[in-house]
Amino acid sequence: MTVQGAVLRALRKPRGTAPQGFGKTNRRDRWAIYPIVQGLVFTICAGYLTFSGIFWGPLFGPQVVESQGYLSPLFSPLILFKDMPWWLSPGLLILWIPIGFRATCYYYRKAYYRFYFADPPGCAVGEPTVHRRFKLENAFPFILQNLHRYMLYLAFIPLFFLWIDVIKAFADWDAAGVAHPRIGFGAVLFLVNTTLLTGYSLSCHSLRHLVGGRIDCFSCTRARRVRHTLWERLTDLNRNHMWWAWTSLITVTLADVYVRLLGAGLTDPAIRF
Ligand code: FES
């Protein structure tokens with residue numbers, strides 16, 4: 001056997017016990033509903049966010065990044081500089097972080113491997129035979145999934161600015177920079193969105209490993225006991241990582257849509273003090 005043949009053979013997936021052939025399974029539940037619904041929601045939200053944050057301004061004119069004191073989360077922190085090229089949206093300068101973070105997320109990987117690549121379509125469901133050679137995360141571009149922990153570190157930068165935006169959203173700011181407190185629908189939406197985004201980041205599998213991993217004895221020192229307590233809290237969040245992932249994706253989409261609606265003339269309902 002040639003070296004190439006031996007490598008390809010080693011890369012083959014084990015056949016497992018599922019029936020062979022695309023979509024074949026012994027399961028009796030409606031297993032296809034989840035990947036179909038998740039694929040639709042993900043495609044709509046991710047497609048809209050990419051279009052709104054990166055292509056809308058350059059293609060269709062003035063970019064709505066802020067309206068009535070609400071800065072869209074897609075553009076936070078807002079980075080503008082002199083002589084900015086017309087094709088460069090300020091969203092592009094920041095969105096690569098949350099896009100990279102979500103695209104490499106362990107949960108989303110499972111989800112989009114299922115609904116985009118049918119690899120596999122579901123647990124114990126046969127996949128297309130063309131997938132028998134398993135190279136997915138051993139070769140470019142999917143080997144880049146290993147960057148997830150670094151994207152996690154970076155993700156806390158926009159998150160920090162999103163919390164500043166939440167605080168600012170609870171006030172009208174006059175020309176002199178004086179704040180007039182308000183509770184607007186947008187401010188509440190921003191608060192919910194940023195809370196969910198924080199929950200999504202804190203429930204990350206990589207963060208849980210960073211805090212509690214590579215320790216043989218949790219009770220040996222005071223610092224390790226503190227780490228154990230933190231790890232337990234993160235584990236509680238991590239159990240619902242899928243829930244944080246979907247809810248935060250939907251609210252970040254709604255927050256940007258809301259800022260665009262305000263920019264189109266909608267008035268933010270608010271109680272002012
Ligand atoms: S595993 Fe999902 S954000 Fe890290």
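Two residues are taken to be in contact when their C-beta atoms, placed from the backbone, lie within 7 Å. On that basis, residues 24 or more positions apart account for 72% of the contacts in the protein chain with a separation of 6 or more. The model is a predicted one, so local features need pLDDT of at least 70 and side-chain atom pairs count only at pLDDT 80 or more, while totals for chains, interfaces and linings use all residues. Residues are numbered from 1 along each chain as its sequence is written.

Now for the overall layout. The protein chain has nine helices and five strands, these being DSSP runs numbered from the N terminus (helices H or I, at least four residues; strands E, at least two). Read from the N terminus, their order is α-α-β-β-α-α-α-β-β-α-α-α-α-β. Taken along the principal axes, the C-alpha atoms fill a box of roughly 75 × 55 × 45 Å. Of the 273 residues, 27% are buried, where buried means 20 or more other C-beta atoms within 10 Å of a residue's own, exposed means 12 or fewer, and partly exposed is in between, with C-beta atoms placed from the backbone.

As for Tyr-70, its contacts beyond four places in sequence are Ala-169, Gly-186, Phe-190, Val-259 and Leu-262.

On to the sheet. Three strands line up as β3-β4-β5 in an open, antiparallel sheet, with strands counted as paired if DSSP finds at least two bridges between them. Because β3 (171–173) and β5 (270–272) are the edge strands with a single partner each, one side of each has no neighbour in the sheet. From one strand to the next, the twist averages 40 degrees. Three bridges link β3 with β4 (residues 179–184), and Ala-171 has Pro-181 of β4 as its bridge partner. Helix α6 (residues 185–202) lies across β4 and β5, at about 75 degrees to β4; axes here are lines fitted to C-alpha atoms, for helices over the stretch in contact, and angles run from 0 to 180 degrees between N-to-C directions.

Elsewhere, the axes of α2 (residues 33–60) and α4 (residues 106–117) come within 9 Å and cross at roughly 100 degrees. The two helices are therefore roughly perpendicular (65 to 115 degrees; under 35 is roughly parallel, over 145 roughly antiparallel and the rest oblique). Pro-35, Gln-38, Gly-39 and Phe-42 of α2 meet Ala-111, Tyr-112, Arg-114, Phe-115 and Tyr-116 of α4.
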